[in-house]
Amino acid sequence: NTALEYQQIRGRRRQTHLLRYLVVAAVLLLFFARAIASYIIYFEWWREMGQVDTWISMLLSGVTPGILASVIAFAAFWIAHARGMKAAGTSLGEHPLYAKLSALVILGLAVLVALGAMDNWVAVRYFGGRGITSGGWRDPVFGQPLSFYLFELPFYSMVLRMAEAVVLLSAAIYWVTERFWSLKDKLPDFQLREGMALDLSAFRLQDILQSRFLRATAAIFLVFLSLRYFLDRYEMLLNEHGFMVGVDYVDENVALPLLWMMVAVCLLSGVIVLMGRFRWLLILAAAFLVRAILPPIVAATYVRPSEVSIEKPYIERHIAATRSAFGLDHRTKEVP
């Protein structure tokens, strides 16, 4: 009888689980019904045109970068979460239900980050533009072809933006997880003191970089920041100065060397963070300050009094680029 009752209980549990799965499937089907219908219509249209393979290639090209970015973000967030629990003296294996729920939350966060940071068609243009040449034109400052600015630079900037977001959120996930599980048993005892002032001493905000994981993520972020300054050099070609667009005297002789300085200082700061010599990070603050105040000072005290003569070569470069863009450098000629 006991065995029969056990089998009946198991059967009822299976029916309950099956019913839950069917309800979830029905809800998902209703939620995505419009998208599914849209894909069916597109499939039928492309099949009528005899171009189903083309449609599938376009579809995969449009979604693959986002899926890949989501997987990478999920892996980074999951590792940060697991490391945070380990630092708190516990593990995901000790909390199976929490492990499943947290994995779903982390997956949702990874998808949101990928959707916010990634533009699938920027990736498509990058891979589709490989091998495309832009004739003999190269920019006069960095010597890069036009294809670099149309296909490669947007892709590199997008990937770097995604990497920066993943690193910052991984650090936040690690710290929140570690603090929560370390203070889980003490949370009910937290009280507001002195009116509405919350006692934050238990959160150990002053020791936030004592963790090796957080120091490593900070160092990685500084490396990405140095790459950001490296790519910012090319963005200078789009600077607007009122009388011209592009690199002017201050950009080429002051701002550009300062960007190289920021690249070196950020890399050095990453090493400093790994070493734990946080006082030496004042060099990074000093570099930010110099980069903010030096170009305006040079522009006001040196360039502006003799602006026409100093900026003349850059204005001529701007005019030549404009003529080349409109095809006026080889289709017309000047008659005295």
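Student: Which element gives the largest share of the nonpolar patch?

Tutor: Helix α1 does, with four residues. Helices here are DSSP runs of H or I with at least four residues, and they are numbered from the N terminus. Before we go on, this is a predicted model, where local features need pLDDT of at least 70, side-chain atom pairs count only at pLDDT 80 or more, and totals for chains, interfaces and linings use all residues. Residues are numbered from 1 along each chain as its sequence is written, and side-chain values use heavy atoms, leaving out hydrogens and water.

Student: What makes the nonpolar patch, and which elements give two or more residues to it?

Tutor: V24, L28, L29, F31, F32, I36 and I40 make a surface patch of about 700 Å². The elements giving two or more residues are α1 (2–31) and α2 (33–49). Patch residues have over 30% relative accessible area and no salt bridge, and nonpolar side chains (Val, Leu, Ile, Met, Phe, Trp, Tyr) are joined within 5 Å.

Student: Why is F32 called partly exposed?

Tutor: Buried means under 20% relative accessible area, exposed over 50%, and partly exposed in between (1.4 Å probe, protein chains only). F32 has 41%, so F32 is partly exposed. Its place is in the loop between α1 and α2.

Student: And why does L214 count as buried?

Tutor: L214 has 6% relative accessibility, so L214 counts as buried. You will find L214 in helix α7 (residues 212–235).

Student: Why are α6 and α7 called roughly antiparallel?

Tutor: The axes of α6 (residues 146–183) and α7 come within 10 Å and cross at roughly 160 degrees. Axes are lines fitted to C-alpha atoms, for helices over the stretch in contact, with angles from 0 to 180 degrees between N-to-C directions. Angles over 145 degrees count as roughly antiparallel, so α6 and α7 are roughly antiparallel to each other.

Student: What makes E164 and R228 a salt bridge?

Tutor: The rule asks for a side-chain nitrogen of Lys or Arg within 4 Å of a carboxyl oxygen of Asp or Glu. For E164 and R228 the N to O distance is 3.5 Å, and their side chains meet in a salt bridge. The pair links distant parts of the chain, with E164 in α6 and R228 in α7, 64 residues apart. E164 has a relative accessible area of 14%, so E164 is buried.

Student: How many salt bridges does this rule count?

Tutor: The count comes to four. Among them is E178 with R179, at 2.9 Å from N to O. At 8% relative accessibility, E178 counts as buried, and R179 counts as buried at 6%.

Methods. Patch = residues over 30% accessible without salt bridge, like charges linked within 9 Å, V, L, I, M, F, W, Y side chains within 5 Å. Areas by Shrake-Rupley, 256 points an atom, 1.4 Å probe, with all protein chains shown as cover. Parallel < 35°, antiparallel > 145°, perpendicular 65-115°, else oblique.
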